Amino acid sequence: MKVLITFFSQSGNTEKIAKAIWEEASLAHEADCKKLEDITPGDVALYDVIFIGSPLHSGSLTTPVKECLSVLQASSGQKMAGFITHFAPAYPEQDMDGFAEPIKAACKEKGIEYVGCFDCQGALAESMHEPVQKKLNLSDKAWAGMVKQMTGHPNEEDVANAKACAKAVLA
Ligand SMILES: Cc1cc2nc3c(=O)[nH]c(=O)nc-3n(C[C@H](O)[C@H](O)[C@H](O)COP(=O)(O)O)c2cc1C
């Protein structure tokens with residue numbers, strides 16, 4: 001199978017997961033890993049399976065990813081999976097499902113089979129700590145706890161989970 005892993009990433013977390021998925025996919029398939037800005041809408045039609053990745057920004061997939069989903073060209077028999085990184089420790093199942101909604105909607109519209117969405121924590125870039133702490137109105141102590149919790153993610157376990165998820169999609 002031809003597999004495309006494409007992603008948007010500002011500080012490298014989503015890119016790390018993209019590379020893990022690419023490593024897994026490359027074991028048994030012809031796989032390409034490309035930044036979103038390096039693909040054209042038509043490129044997507046050339047692949048059997050597409051993994052599309054985004055960080056969460058303000059509780060939503062990033063604009064470049066949503067734009068790509070609206071213009072991508074599909075071909076018959078394709079499958080698509082999402083992968084998302086976020087600084088929050090965990091979201092309830094139904095929220096995660098909600099975040100993947102633009103991927104599901106694009107699949108439905110273009111006749112692509114939606115096969116799920118992987119997510120894991122990704123540490124917030126240092127430059128964003130102050131504004132986010134303020135926005136969430138957290139005390140220094142509460143924020144320090146949150147920073148401790150997110151530091152190091154995506155970690156080895158996250159990478160292993162992403163690979164397992166990709167393996168299941170490609171089975
Ligand atoms: C502008 C901005 C908004 C963000 N909004 C959220 C959010 O609403 N929820 C969340 O859990 N993480 C949020 N984050 C954290 C990122 O989703 C997280 O750190 C992600 O792993 C970054 O991925 P990247 O390194 O691939 O850019 C936000 C980060 C930025 C820069």
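Asn155 sits in the loop that links α6 to α7 (156–170). Helices (H or I, at least four residues) and strands (E, at least two) are DSSP runs, numbered from the N terminus. The model is predicted: local features need pLDDT of at least 70, side-chain atom pairs count only at pLDDT 80 or more, and totals for chains, interfaces and linings use all residues. Residues are numbered from 1 along each chain as its sequence is written.

Asn155 counts as partly exposed because it has 14 C-beta neighbours inside 10 Å. With C-beta atoms placed from the backbone, a residue is buried if 20 or more other C-beta atoms lie within 10 Å of its own, exposed if 12 or fewer, and partly exposed in between. Asn155 and Ile17 are 138 residues apart along the chain, and 9.7 Å separates their C-alpha atoms. Gly152 follows α6 and has a positive phi, near 95 degrees.

Strand β5 presents another picture. It is largely enclosed by the rest of the structure, because 7 of its 8 residues are buried. β5 pairs with β3 in the parallel sense over 7 bridges; strands pair if DSSP finds at least two bridges between them. In this pairing, Gly53 stands opposite Phe83 of β5. Strand β6 (residues 113–121) also runs parallel to β5, joined to it by 7 bridges. Here Met80 stands opposite Tyr114 of β6.

The largest nonpolar core contains 40 residues, and Ile5, Ile21 and Ala162 have the most contacts inside it. The largest contribution to this core comes from α1, with 6 residues. A nonpolar core is a set of buried Ala, Val, Leu, Ile, Met, Phe, Trp, Tyr and Cys residues joined through C-beta atoms within 7 Å. Leaving aside residues up to four places away in sequence, Ala162 touches Ile17, Ala20, Ile21, Phe83, Phe118 and Cys120. Contact requires C-beta atoms, placed from the backbone, within 7 Å.

The ligand has 21 residues around it, of which Ser9, Thr14, Pro55, His86 and Gly122 come nearest. A residue is near a molecule if its C-beta atom, placed from the backbone, lies within 6 Å of it. α1 (13–26), β3 (49–57) and β5 (79–86) each supply at least two residues of this shell. The shell comprises 8 nonpolar, 12 polar and 1 charged residues. Ala, Val, Leu, Ile, Met, Phe, Trp, Tyr, Cys and Pro count as nonpolar, Asp, Glu, Lys and Arg as charged, and the others, Gly among them, as polar.

Key:
Contact = placed C-beta atoms within 7 Å.
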